[in-house]
Amino acid sequence: MTRATTAGFQPRSLDAVNFLLADVRGALGPYLNVFLVTQQHWSQSGVGLVTTIGGLLGLAVQTPIGAAIDETRAKRGAIVLALAVLAVGAIVIFALPTFWPVAIANTLMAVVGDVFGPAVAALTLGLYARKQLARRMGRNSAYDHAGNVAIAVAAGAVGYAFSQRAVFLLVPVFTVLAGLAVLSIPSAAIDDDRARDLREHPDAAGTAVSAAGYGILFRSRPLVIFGLCVMLFHLANAALLPLVGQKLAAAYPKEATAMMSACIVAAQLVMLPIAPLVGHTADTWGRKPLFLAGFAILPIRALLYTFSDNSFWLIGVQVLDGVGAGILGALTPLVIADIMRGTGRYNLAQGAIATVQGIGASLSGLAAGVIVDRFGYGAAFLAAGGAAFVALVVFALRMPETAERGMPAA
């Protein structure tokens with residue numbers, strides 16, 4: 001019997017946390033730019049400045065936030081505090097959609113948004129034994145994708161029935177629900193040492209276990225290779241959906257929004273079964289074969305985009321994003337846990353990987369824009385496919401298998 005079981009922890013509490021946190025995040029980003037431009041008549045440069053400030057600061061603090069989550073034992077409290085900031089920020093945007101209030105609120109929300117991924121992964125690590133971790137991470141990912149689908153539907157309904165501005169009021173509602181879900185997890189059920197991936201017992205000489213230094217981020221060769229591959233993946237992947245959206249908007253201007261929503265929802269629906277499937281097979285098949293499958297789909301997808309401008313074709317190819325992203329979403333926190341086992345720096349490493357992921361995604365849009373302007377959409381898709389292929393080769397040749405063979409099923 002695990003510590004979580006004896007302390008009264010119910011897995012549905014963690015399910016609810018993952019589902020509702022997806023709702024909280026999903027009610028903000030995709031709608032802010034559209035609202036500011038179409039309803040508040042902001043200039044594109046003003047919107048770009050606000051989102052860039054928030055994005056860069058959020059990127060800068062990801063690794064320090066991961067380190068802070070490693071150090072604190074109040075991981076539930078960190079999530080609740082971040083939720084409160086999100087709620088206040090969304091209310092400010094609703095009530096005062098002018099430059100400085102929006103800029104400050106969006107920046108604070110970008111910063112606290114970095115708390116959720118590492119903190120939820122840390123809670124999971126502290127609640128579940130190692131042999132249960134793969135399935136639980138897959139289940140986390142599935143509920144996260146389900147939350148993304150739910151908020152897309154809810155936000156669309158609220159925006160249609162009331163206004164785009166009313167969508168931001170969904171955030172305080174979901175933050176309250178998410179906070180209650182977090183607090184329903186008993187603090188006594190969380191093993192704080194295991195939550196930071198610290199070795200639980202002293203060594204043979206009886207020396208107490210302590211966390212590794214921050215230099216572990218650079219000394220761990222598997223972590224460096226993994227970070228490089230993740231950055232290349234997002235360098236290739238992040239621009240693909242916006243490029244598809246631009247092609248759809250040019251060909252079908254009246255239906256562009258509906259088609260973009262169809263792309264997003266279709267990919268999320270594919271991720272729903274992929275995430276638990278990955279969780280159930282990660283221990284028996286190993287992490288590396290599953291990751292290779294996820295990496296291999298991306299260059300194929302990029303190439304397929306060049307075959308036709310037909311809307312059904314483009315949306316159908318976009319569905320493949322659900323496979324690659326579903327695999328990465330479910331496996332990334334698990335692989336980091338494998339690599340960081342015993343170091344006590346799990347959340348620090350998560351923040352570092354999120355940082356390089358964000359760098360890749362940020363450069364992706366810039367590179368794609370330059371290539372489209374000079375050579376066209378086909379060249380941009382092929383360039384993305386090339387970056388994805390490099391990630392596949394590097395991962396295949398240099399990344400070791402991180403799963404412990406012979407690990408019993410949960």
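On a 1 Å grid over the protein atoms alone, a cavity is a set of points where a 1.4 Å probe fits but cannot get out, and its lining residues have an atom within 4 Å of a point. A volume is the space filled by probe spheres set on the points, with grid points joined across faces, edges and corners. The structure, a predicted model, holds one cavity of 30 Å³ or more.

Residues are numbered from 1 along each chain as its sequence is written. In this predicted model, local features need pLDDT of at least 70, side-chain atom pairs count only at pLDDT 80 or more, and totals for chains, interfaces and linings use all residues, while side-chain values use heavy atoms, with hydrogens and water left out.

The largest cavity has a volume of about 40 Å³. Its lining is made up of F233, N237, G294, I297, L298, R301, L320, D321, G324 and A325. The most, four residues, is given by α14.

Helix α14 (residues 287-305) also meets helix α16 (residues 321-339): their axes come within 9 Å and cross at roughly 145°. Axes here are lines fitted to C-alpha atoms over the stretch in contact, and angles run from 0 to 180 degrees between N-to-C directions. On the α14 side, the residues in contact (heavy atoms within 4.5 Å) include L290, F291 and I297, and on the α16 side they include I327, L328 and L331. The residues of this contact divide into 10 nonpolar, three polar and four charged; Ala, Val, Leu, Ile, Met, Phe, Trp, Tyr, Cys and Pro count as nonpolar, Asp, Glu, Lys and Arg as charged, and the others, Gly among them, as polar.

As for confidence, the mean pLDDT (the predictor's confidence in each residue, from 0 to 100) is 85 for the protein, and 90% of its residues reach 70 or more. Among the elements, α11 has the highest mean pLDDT, 95.

Notes. Helices (H or I, at least four residues) and strands (E, at least two) are DSSP runs, numbered from the N terminus. On a 1 Å grid over the protein atoms alone, a cavity is a set of points where a 1.4 Å probe fits but cannot get out, and a pocket is an open set with protein on both sides within 12 Å along at least five of seven lines; lining residues have an atom within 4 Å of a point.
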